[in-house]
Structures are given as C-alpha cells and as structure tokens.
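Please read them with the structure open.

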Amino acid sequence: MNDHPLDIDAVRAFVRIAESGSFTHAADSMRITQSAVSLKLKRLEQRLGARLVERTPRHVQLSAHGVAFLEQARGLLDAHDRALKLCVGERQRLAIGISDHVAGPELPALIARMNAQVPQVLIEIRIASSVDLLQRFDRRELDAAIVRLDTGRNDGELVTDEPFGWFAAPGWQHRTAEPLPLATMAEPCGVRAMAEQALDLAGIPWREVFIGGGVAAVVAAVMAGLGVAALAPRMLPFGAEEVGGRLLLPELPRLPVLLHTRTRTGRLRDALDALAAEFRSVVRE
C-alpha cells in the first residue's frame, strides 16, 4: 500500500464540497479558487483510488465511496485541528456574520470588547443580509451569525430586541397627494418586508425611491432628503427626525436579534458572549 499521507487541505476541500453541495461554496469558504478546489479533490481521489464526487451540470452528489469516506474525513479534520490547538501560540479563529441591520456605528466598540475578552482569538467579521449570513452559517462558512429574526427558523438564541421607527431628514415634508417615498435595502430584507407590509395594512400608498446595498446607503438617501426609511434609531446620524407620528404612519414593532452558533463552550463562546453583552448594552442606551 502507498504510504504517502493524505493532504489535509484536500480532505478539507472534499468535506466542504460534501456539506455545501457546491464547488463554488467550498472555494468561497476556503478562500481559494474553484479550480483549486477541483484540483485538490482530483488529487485526493487519485490518492484514494476511488471517485468521491459525481459531478453533473446542475448539482454535486457523493458517490458510494464518498459517502463512506465522509465521516472518516470529518474525524481526521477534527483530530488535526485539535492537535494544532494544543500548540503553543496557536490562535483560534472565530468567523462571525453580523446583519447589516444589526451592525451599526458601535461596531468598533463591539470588536474591542471581544478582543479584550479573548485577545488570542483571530476574529473575522462579515457584514451582509440576515438571509445571506444564515445560508453561510448553514454551510459552515461561519461559526456564528447575529441576525434579525427570520420567521422561518427558531434555532437562534435571543440577544435582545430593538425599536424601529420612520425617519427622514431634518425639515423633510411629504407631499400629501403623492405616495410615501421609501428608501429601502435590496431584497431579501426582513426590515424592508416589515415596513412595506405595515404600510399596506394601514392602507397608506407608498413607492420606492431608493434601494441601497446596505444600511449606510439607505441612511445617506434619507439624509439627502429622498424620503422616509424604517430604521433603528441608533443607525441614524444626529439630526435625523422620527416622522411616524407627524405623518400618521403605523407603529413598527421591536425586532428580535438572534445569535446562531454551534459554539457552546470555550474561548470562542466567551468571545461571542462578550459581543452579545456589548450589543445589549448598546441597544439599552
């Protein structure tokens, strides 16, 4: 038997392909190109003398050999990672996704709190929509995701809830004969859906005048006087006005913020707990 050892990165690539069902997602999670992932898998299959993945134009499926090898591959990676963590100076990595409607101007303070709690942990933070982050979390590209409530799931831990209101630039006036001009984030966005549904139920006509790729863009449109947006008060710069009462707009509910994580103990959990505690204190202020 050939005693050439298995390539750990190739084994990791196979596991990422198996868990995500995609060469593209596996490449993204490993921060390498799709062609590099394909090459690693090819070399692993050559080393094992068996085809592990059946490729079709539409999807990826494990072969019988792949199904049999998957649990062994996971065990090998777990043992490898545990061994590395025993080394002096080895830094654990914590990849966190934070929803754009959750991460605000306090983000530097949140990061500082985590770093003070566990300075030896390498922290990686990604900002995106709640939907995108939960998909990445499910593909195991993230260790944790802090997002707005997703009505399709109930597996998160409640961090806090936060008020929302209707905001506009100082002195902004609505022309009563026209639909309410809205600045929103691009779909899918739970806050956008909540705001539009509330207006529909109240029988208030509206139209989108601006669609932003993030909360910062929506805030900029609001402060430029384009219209009204549903936002958490802490997201707005000084001077923005809450106009819901003046315009007789429907009251918006407080929205829960949830932590999704598979990390239950240890230094990484300490970092997540520090982040959650800092966020709670920010929202209460």
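**Notes on the predicted model**

1. Overall make-up. The protein chain has nine helices and 12 strands. This is a predicted model, and every remark below should be read with that in mind. Along the principal axes, the C-alpha atoms of the protein chain fill a box of roughly 80 × 45 × 30 Å. The chain has 285 residues, and 45% of them count as buried.

2. Helix H1. This helix runs over residues 8–20. H1 is mostly covered, with 10 of its 13 residues buried. The buried set includes Ile8, Val11, Phe14, Val15 and Ile17.

3. Helix H3, length and end. H3 covers residues 34–48, which makes 15 residues. At 1.5 Å a residue the helix should span 21 Å, and because its end C-alpha atoms are 21 Å apart, the model agrees with that expectation. Just after H3 comes glycine 49, which has a positive phi of about 70 degrees.

4. Which residues of H3 are buried? They are Val37, Leu41, Leu44 and Glu45. These residues cover an arc of only 100 degrees around the axis, and therefore sit on the same side of H3. The face turned away from that buried side carries Ser35, Arg43 and Gln46, which are exposed.

5. Largest cavity. The count is three cavities of 30 Å³ or more. In the largest cavity there is about 90 Å³ of space. It is lined by 13 residues, of which Ala183, Thr184, Met185, Val191 and Ala230 are the closest to its centre. Strand E8 (180–185), helix H7 (190–201) and strand E10 (229–231) are the elements that give two or more residues to this lining. E8 gives the most, with four residues. By class, the lining of the largest cavity has 10 nonpolar residues, two polar and one charged.

6. Second largest cavity. What volume does the second largest cavity have? The value is about 40 Å³. Its lining consists of Ile98, Val102, Ala103, Leu110, Ile146, Leu275 and Phe279. That lining has seven nonpolar residues, with no polar and no charged ones.

7. The annotated segment. An unreviewed UniProt entry gives the annotation "transmembrane region" for residues 209–232. In the model, this span is 38% helix and 29% strand. The end C-alpha atoms of residues 209–232 lie 20 Å apart.

8. Leucine 249. This residue lies in the loop between strand E11 (241–242) and strand E12 (255–261). Is leucine 249 buried or exposed? Its relative accessibility is 11%, so leucine 249 counts as buried, the cut-off for buried being under 20%. Leucine 249 and leucine 199 are 50 residues apart along the chain, and their C-alpha atoms are separated by 7.4 Å.

Methods:
Residues numbered from 1 in each chain as written. Predicted model: local features only at pLDDT ≥ 70, side-chain atom pairs only at ≥ 80, totals over all residues. Heavy atoms only, no water. Expected span 1.5 Å × (residues − 1). Buried < 20%, exposed > 50% of the residue type's maximum accessible area, 1.4 Å probe, protein only. Arc of directions from axis to C-beta. 1 Å grid on protein atoms, 1.4 Å probe; cavity = no way out; pocket = protein on both sides within 12 Å on 5 of 7 lines; lining within 4 Å. Points joined across faces, edges and corners; volume = space filled by probe spheres on them. Nonpolar A, V, L, I, M, F, W, Y, C, P; charged D, E, K, R; others polar. UniProt positions renumbered as here; feature names shortened; annotations may be inferred.
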